[in-house]
Number of protein chains: 4
Amino acid sequence: MHDALQEEKVFKDPVHHSIYVQEPTIWKLINTPEFQRLRRIRQLGTSYLTFHGAEHSRFSHSLGVYEITRKIISQFERNRYVDWPQEEKLLSLCASLLHDVGHGPFSHSLEQIFGTDHELWTAEIILGDTEVNRVLREVEPEFPNKVAAVIRKKYEKPIVVSLVSSQLDADRMDYLLRDAYFTGVNYGTFDLDRILRVLRPYQGNIVVKESGMHAVEDYLMSRYQMYWQIYFHPVTRSSEIVLRQIFHRAGHLFRTGFRFRFMLPPLHALLEGNLTLSHYLKLDEAMAQTAFGQWVDEDDELLSDLCRRFLNRQLYKYAPLSPEDSGWLEEVSKEWLRIGLQPEYHLEVDTPIDSPYDIYKPGALPDGKEKPPILLLGEQDRLTEISMKSDIIQSIAGLHRGKYYVYYPEDLVRPHAHRLSPETRNKLSI
Amino acid sequence: MHDALQEEKVFKDPVHHSIYVQEPTIWKLINTPEFQRLRRIRQLGTSYLTFHGAEHSRFSHSLGVYEITRKIISQFERNRYVDWPQEEKLLSLCASLLHDVGHGPFSHSLEQIFGTDHELWTAEIILGDTEVNRVLREVEPEFPNKVAAVIRKKYEKPIVVSLVSSQLDADRMDYLLRDAYFTGVNYGTFDLDRILRVLRPYQGNIVVKESGMHAVEDYLMSRYQMYWQIYFHPVTRSSEIVLRQIFHRAGHLFRTGFRFRFMLPPLHALLEGNLTLSHYLKLDEAMAQTAFGQWVDEDDELLSDLCRRFLNRQLYKYAPLSPEDSGWLEEVSKEWLRIGLQPEYHLEVDTPIDSPYDIYKPGALPDGKEKPPILLLGEQDRLTEISMKSDIIQSIAGLHRGKYYVYYPEDLVRPHAHRLSPETRNKLSI
Amino acid sequence: MHDALQEEKVFKDPVHHSIYVQEPTIWKLINTPEFQRLRRIRQLGTSYLTFHGAEHSRFSHSLGVYEITRKIISQFERNRYVDWPQEEKLLSLCASLLHDVGHGPFSHSLEQIFGTDHELWTAEIILGDTEVNRVLREVEPEFPNKVAAVIRKKYEKPIVVSLVSSQLDADRMDYLLRDAYFTGVNYGTFDLDRILRVLRPYQGNIVVKESGMHAVEDYLMSRYQMYWQIYFHPVTRSSEIVLRQIFHRAGHLFRTGFRFRFMLPPLHALLEGNLTLSHYLKLDEAMAQTAFGQWVDEDDELLSDLCRRFLNRQLYKYAPLSPEDSGWLEEVSKEWLRIGLQPEYHLEVDTPIDSPYDIYKPGALPDGKEKPPILLLGEQDRLTEISMKSDIIQSIAGLHRGKYYVYYPEDLVRPHAHRLSPETRNKLSI
Amino acid sequence: MHDALQEEKVFKDPVHHSIYVQEPTIWKLINTPEFQRLRRIRQLGTSYLTFHGAEHSRFSHSLGVYEITRKIISQFERNRYVDWPQEEKLLSLCASLLHDVGHGPFSHSLEQIFGTDHELWTAEIILGDTEVNRVLREVEPEFPNKVAAVIRKKYEKPIVVSLVSSQLDADRMDYLLRDAYFTGVNYGTFDLDRILRVLRPYQGNIVVKESGMHAVEDYLMSRYQMYWQIYFHPVTRSSEIVLRQIFHRAGHLFRTGFRFRFMLPPLHALLEGNLTLSHYLKLDEAMAQTAFGQWVDEDDELLSDLCRRFLNRQLYKYAPLSPEDSGWLEEVSKEWLRIGLQPEYHLEVDTPIDSPYDIYKPGALPDGKEKPPILLLGEQDRLTEISMKSDIIQSIAGLHRGKYYVYYPEDLVRPHAHRLSPETRNKLSI
């Protein structure tokens, strides 16, 4: 198994049909405990509570990103584009496979509460005392550093970085297609073959042939639809809020000396704020759910209630907010206290600004955090930023008008409805 | 939420596109903790270790069985077939939704080791002190008993039973399509609309119009392909063996007084053999996986090794066996002991006879355990058992020629290869 | 066959899976010679020369429009919307089935050259001495007039008109899905079920529930993509130009007394400008192609060459034009004459303004020719024109920036390349 | 266009997504008039009268066969199988592209009536004075002969022949997938990628790796389903009968000196039995349909009626026959005469033995006409004929139990129903 691959390995994949592995290094990386652990982290966090098909893992997504990267490079090679640095193939494949290896359970929620950072963990898994590191070092001693540099967008050749991480990268292409497949919607689909065919390396970047402008529009519109229909679905946001509140409450209890009946070392380290790599690697969604199942029986009523809500999908209700509602929200806080609820846990306003997603940004910000724009390669090798040519893209480039909602536990509020103001009753339709 | 449904509820489903809920009882059942728990039980057990897409849960399958049942009944109603007892609609829908509600984590493996029986648990959930029971009793006091009777195939009207449980039932139709979708193969697909159109109620049974014979052939061939390609895949069998060995070892340790560092009440009850309903409901796959993660650090080397194998997908290897190999297998047992392995845990022969699946059986066995045959309704309302008319079905009806494999931990064997007999080295290609 | 339908008729359809016919009138209409004739008219004219799968006929499209209309009405009925006039069901179904019955071969090209109008022919088929008329009159004597009125958008109840003909009508929904299916692209697909679910009748119109805004955006983006990728593909335009030139030349020859070796009465009537209904009904694409095959052997070299080009797919080449090229185009005309070509036939500038397609227009023009805008039904039953709420739709609403191309027979030009100006050689890449 | 290909050409195809052309010879062949003519010949003859989507042409099928052949060879090359003669790539591709180039309109019907043979015409197109021949000769003077030899199964290397023509060839794989796609059924689909992966060249043949047995079963079952559901659909047979009767009648009239008002040289040559290649190439389905449209107005009532039936889809009705019905059939003939019908034209018994299709035959017949069996390559390179290992295939290998039907013009018979015997009325349900 750990010898050189005598024959191609093939994974059956619902999105790409087949995923082909030729290099022994890739095969060995897939078989490391750190990579297998991604089977226990869902790709879409709590979205399965809204779309029951969305139970797919980061394991399958990571294989998919690898496969798309493999296909892009294969196209570059078939066309013998001189701007593609052929010697970087294995590096690109490894980086694409491992780009998400540091994700923890319900990553975004956890990061908000505890300040963990999956990108740092990714680096630590690649550079630390792990099987992944050992497999990479077999290639050459410097190889782990290179892979980490690509994922951190610090590698010296930006073209390698942009394969894995740009506004038109293998990561996004796979997750749009995969999330659409597993949720069962069809608006996330776009023509992957067509996109792959119009990419080409050019002067250290990956650009789009001008004839591919409509293909990119199609891809960005899929992003737009998935953004609003799936990633930002208010029921999903509600489940994330409940999840965050669980960690928020557990953290508060821990800091105030609460004695948990059920605790495991990785959770303890998480709450204490001193996670080691070995703890982090044990912290998967199975453990989180098991803890919630046990915490239902803890003496803290609030923690128990939140855990029960999450497991039984008795989420917070939501109501739309308009900008003028900020005054009213302050009132609601007071009303909540009056009826015995805790606004800190029982009232949350969700703003799309929290979102880790954006559709498209034409310009890079000075802090270097932004991804470079998508460039069209036109006649006489002229490069143009795509929103200069596409009205569609221009119209969505700046879009971030999200809807605001207020979330709250309706079942706890309703018995006290008669004590609420008419405005509150009206806005919450109680 | 718990009032009557003012408007139809719609679930987005990758297999059926949409799943429609009109009855408040169905809506309430879906929202019970017992039904929501099915989100934490995978539909295909360990198959996700072979086909990485197969991470779907019994929750989505149960909704799918409900939806197919709803469609069949809707067809019966549209055609105003007098042989369909219209008053049994809600009963049929509830039974189809709940038929799998008693499944535990990795059901088949657990049942083999501990003798639990998911059908008994289903009955207990329906009849016991649960939310499911409360929702059903709202319909009428006797309703839980009726639902349980349908699922136990004891209900007085066999036509209701056969909707949920027969050789052409909503359960099988959904799991074939769903498992094919999530694994990403296309040989499990058949034309559901076409099958639904040829079913009709007739004298207390559901029969197939003669023009639908080829449609049924197509459906049975899908079963046949899924059986060999997915359900019986040797890698999946290998992962089930490792899983069974974990429980086997844990049970042995428990009985011999081993002190587990990590234990939870439901697991303790499972090992002790006195599970209560409340424990059983907590026992989901998240808990099993969390236990395995902790047991990696137990002092028993064998248990630790098995758990590590399961989590990191370092499964047992397999080699094909022929009927003449029984003598050799006895020798191998001795060789295993010689090199320090325990045949009880490190050597397992898997026979397809263990399988919970069959393709089609034309006749019911006298013990009443068998499902009744599929009947074609021909001219002059003559009924014929389908394999009398279809050569294809006749040819697969008796098929159960499975392949035999021997499974073993190759990595533990290989270092001692020089101490094995040439025959063993040859058969295991070591 | 012509009795009342004892059981539902089902057509297998690649786009809608099944098409259901319950009313005898619909069944009889489908079986009239006038409707069956649509099998000999391609839905996408010459597009099959660009996308070889696009060989589907107006017959299948017409069935599809009928089926979508049936589904919309069925949804209205299930929801018991009081604003839907139930008595208009059969009228709506007939109008949707027949809305394209007057199309002739390569309609748009023919209409440009000979001024025929498929809408007039549709009316004549419905009102004239035809089987279609006889079937409709069986319903009631005024029924043909009603059907014609709906198709001509003059029917007294605009809600019936808008089912068949609006910016979100059954016609467009079917052709987008169907043309995408047969060409094999996936950017024309949108979620039909989702669109159908958000439509509702309201005060004499069909409006969209506000929650359906993104669904409509998705549908309009599909239109946008199909427009640029399929309907306006320059190779398709080139084949239309060659086709138009055939008719243009044949008309010229006819008017100047040319003696055709091959002529058939319907073609003669077409060229003479006095087509009767009976001639028109014989004029299908098979006849046009047969004529072209024969005209290859006519004595007029130009006609022969054009026919040969069309049949053998040796189309005109194209080169992009910019607004500044108008001066150069005049020069090219002169150059063409110099090398013995006829600019009238050998040089054509194609502008998208000719297009029968648009994406979306928010306002109706005063001449009443425009289709009414799409309205969102929001809270408190407030209606809003959709582009007021959707930035995406606003951005595409005004779009008609098409690309200009010049088309010419490269094979006739190339041998004279040395006699062309450098600018011409450069622009045409010769 | 006729220079060497600077970049890969890509055709959008609904079945294979993309079809890739790299060799200039292939590109030039596609652009010959003889190959373009296949756009005017439907792949499934009259099946579009049963399944309205089945309007696809032999042009798209021929491209598909080419593409599958290309993929098989590419797999052989990637795996560097020594048994594959690499120098035969272009020959294989050309033969696969051209294997159907000699098909005429409604081939099978025409061949039955006039004894034409599309295989002879294919050879003549390849070897005669055609563009196809000129393109092939550019490769080398002997190349046309080689291509013709492959198609005639006489080429010296049987492995090249079996790519294009065997029981598991590119031709069948494409038509099953394509016909399923365009008719809209899903039982013709099988996993093409999986089949391609298990093929390998071995000692002058293409064999199947033993692990691929179930994949071949799946493919053969698709054939079986398509055979009964599509190719042998009685409505399609009815339309073929009407078509054959048209040619039968026209031939009879021609031989008895009837003066046709409408006639074209290729039709004349067909009826006279002295078709030249140039006539044959003009004889497409457009011409046949145009002739039928004109012949509706001929003075022969029978011919006129048959043409009208075909164009308006007023086909013959059918009733099932059992082996005991032969006596009755003789009686019906007499009854037909009694009521003024002509049994020669108005009564036809269709037997599946006419079928050009078979599912699978394990043995080659001595006359060499049969295709060689499918061989499995097992351990120690042992070859086994597949039905020896697969019960499924064994059960379908001998199957040819077709249904017999009698076809007749019900509308002409019904007015005389009272003059028919009770048995006839009963059997025909009149």
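Before you start, residues are numbered from 1 along each chain as its sequence is written, chains are lettered from A, and ligands are numbered from 1 in the order in which they are written. Since the model is predicted, local features need pLDDT of at least 70 and side-chain atom pairs count only at pLDDT 80 or more, while totals for chains, interfaces and linings use all residues.

**View 1. Where chain D touches chain C.**
Here 31 residues of chain D are in contact with 33 residues of chain C; contact is counted when the C-beta atoms of two residues, placed from the backbone, lie within 7 Å. On the chain D side, at least two residues each come from β1 (9-13), α2 (33-36), α3 (58-78), α10 (170-183) and α16 (285-295). Those labels follow DSSP runs numbered from the N terminus, with helices being H or I of at least four residues and strands being E of at least two. The largest share belongs to α16(D), with five residues. Sorted by class, this side of chain D holds eleven nonpolar, 13 polar and seven charged residues. Nonpolar here means Ala, Val, Leu, Ile, Met, Phe, Trp, Tyr, Cys and Pro; Asp, Glu, Lys and Arg are charged, and the others, Gly among them, are polar.

**View 2. The axis between chain D and chain C.**
Look for Ala286(D): its C-alpha is the one in chain D nearest the axis, 2.1 Å from it. Both copies use the same surface, as 100% of the contact residues of chain D recur in chain C.

**View 3. Chain A against chain C.**
This contact takes 18 residues from chain A and 18 residues from chain C. On the chain A side, α12 (213-231) and α20 (391-397) each give two or more residues, and α12(A) has the largest share, at six. That side comprises eight nonpolar, seven polar and three charged residues.

**View 4. Helix α12 of chain C.**
This helix is mostly covered, with 17 of its 19 residues buried. Buried means that 20 or more other C-beta atoms, placed from the backbone, lie within 10 Å of a residue's own.

**View 5. Domain 1 meets domain 2 in chain A.**
An automatic or database domain assignment sets the bounds: domain 1 (9-231 + 360-397), domain 2 (233-315) and domain 3 (316-358 + 402-430). The centres of domain 1 and domain 2 of chain A, taken over C-alpha atoms, are 30 Å apart. Between them, 23 residues of domain 1 are in contact with 20 residues of domain 2. On the domain 1 side, α5(A) gives the most, five residues.

Definitions and conventions. A residue is buried if 20 or more other C-beta atoms lie within 10 Å of its own, exposed if 12 or fewer, and partly exposed in between; C-beta atoms are placed from the backbone. Copies are superposed by least squares on the C-alpha atoms of residues with pLDDT of at least 70 in both.
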